[in-house]
Amino acid sequence: MLHKHLLKCIVALQVALTPVHCAFPQNFDESKVQAYTLPDPLVFQDGSKVTTPQAWHTRRRAEIIEVLEREMYGRTPEHPAKMRFEVFDKEPRALNGQATRKQITLFLTGECTGPKIDLLLYLPKKGKGPVPVFLGLNFEGNHGVHTDPGIRLSSNWVWPGGAGVVNQLPTEASRGATASRWPIEMILDRGYGVATIYAGDIDPDKHDGFKNGVHALYPELQNRGDNFSTMAAWAWGLSLAMDYLQTDRQVNSRRVMLFGFSRMGKAALWAGARDPRFAMVISNESGGGGAALSKRNYGEDVERLNKGNPHWFSGNFRKYNRNEASLPFDQHMVIALIAPRPVYIASAEEDKGADPYGEFLAAKAADPVYRFLGTDGLPAGGFPEVNKPVYGRLGYHIRSGKHDVTRYDWEQYLNFADIHFRKRKAEQR
């Protein structure tokens, strides 16, 4: 009897620990990708063509944002009127004297008891004047991006699989857990700053009916089809961080570049699409709901996104589970919204779930908008070879390896930034 009881417990535990989305297999067979038609970003909803850049910026962009908010990401509130910033740490000799470290709390309601976001900022000591900055969300807390003991340890929920996490909270053993994805010294040495916020400060990455994080401030944006989703909240949080960066005289606020990996790459693209203050956007293997085309039904499809992570997107997006053909948009239109600002999309050869080819095709489908606005778009006739990056106003590479952020990736991002913001020719490695 004890043996049977123990077996039942083990089975129950296995079921409880099995991710919901595992029940929905992904397509990894290119021959099963059926023919599809992508909406033309340069055609208005009434069927007429966009004929001038002004018409794109003043009318067509608004149409695309409206349909994306209604059908995928949900509505986003205005920036909090009473938000205030508090610099609680400034260390001018951080990282062995290589950087100035600042830590800033964004109090969203102005009150210490309300929702708040911690922003970690490193600025290079070398060089003169305000510096360009890479800004991105991190997965496990600001303390995870570097072993620097001066970084405040997060007190918010972290997913149980995170390094050093005990009772869903980080410990000292969590420091530097994701540092390999944030080569901060290398970025500083190239003359760029690094800023990051923990996505869980904005909204913890778990589905609880939108009761935690910033959503509690906006109950009127829930219980509706176009609800304020977690993805929209993460993107909104990046814009709130930008509000602070615009006040920091050591930051070149006209050169703040968004970076995001995986689900954070999905948020970075949407933040860049909505907020024109961001000068560049980097999507590192963002896959479905990010840079990859949904209509291909390859890898992480819409049903897998919605059932595996029902909080990421709005309720209306579920209408397209196994119904991608009826989508009135696709991810190339999110990329196009960023035009003519630079966008870099990166894939990995072994990251089939993120659909590298679909990410490339989305960039190519956004290319006409970039060229319409007078840039060179993505100068690639076909799918690039592995580890052979292509740089235009749009950049793309597929590298060898798995789902991750590597030093090779960052080398390309820094080269891309040099080309566009330092007006110098960078080596493509």
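**Figure 1. Pairing of β7 and β8.** Ile282 stands opposite Tyr344 of strand β8 in this predicted model. Strand β7 (residues 280-284) and β8 pair in the parallel sense over four bridges; strands pair if DSSP finds at least two bridges between them. Helices (H or I, at least four residues) and strands (E, at least two) are DSSP runs, numbered from the N terminus. Residues are numbered from 1 along each chain as its sequence is written, and side-chain values use heavy atoms, with hydrogens and water left out. Because the model is predicted, local features need pLDDT of at least 70 and side-chain atom pairs count only at pLDDT 80 or more, while totals for chains, interfaces and linings use all residues.

**Figure 2. Strand β10 and its partners.** Strand β8 (residues 343-348) pairs with β10 in the parallel sense over six bridges, and Ile345 stands opposite Tyr396 in β10. Strand β9 (residues 390-391) pairs with β10 in the antiparallel sense over two bridges, with Tyr391 opposite Gly395 in β10. Two residues separate β9 and β10 in a hairpin.

**Figure 3. Burial of the residues of β10.** Six of the six residues of strand β10 (residues 394-399) are buried, that is, under 20% relative accessible area with a 1.4 Å probe and protein chains only. Leu394, Tyr396 and Ile398 point one way from β10, whereas Gly395, His397 and Arg399 point the other way.

Figure 4. Ten strands follow the order β1-β2-β3-β5-β4-β6-β7-β8-β10-β9 in an open sheet of mixed pairing. Since β1 (84-93) and β9 stand at the edges with a single partner strand each, one side of each is left without a neighbour in the sheet. Helix α11 (residues 407-421) packs on the sheet and touches β4 (131-138), β6 (251-261), β7, β8, β9 and β10, where contact means heavy atoms within 4.5 Å. The direction of α11 makes about 165° with that of β10; axes are lines fitted to C-alpha atoms, for helices over the stretch in contact, and angles run from 0 to 180 degrees between N-to-C directions.

**Figure 5. The second largest pocket.** About 360 Å³ of space lies in the second largest pocket. Of the 23 residues that line this pocket, the closest to its centre are Lys116, Asp118, Ser155, Asn156 and Asp201. On a 1 Å grid over the protein atoms alone, a pocket is an open set of points where a 1.4 Å probe fits, with protein on both sides within 12 Å along at least five of seven lines, and lining residues have an atom within 4 Å of a point. β3 (116-124) and α5 (199-202) are the elements that give two or more residues to the lining, and β3 gives the most, with five residues.

Technical notes
Buried means under 20% relative accessible area, exposed over 50%, partly exposed in between (1.4 Å probe, protein chains only). Grid points are joined across faces, edges and corners, and a volume is the space filled by probe spheres set on the points.
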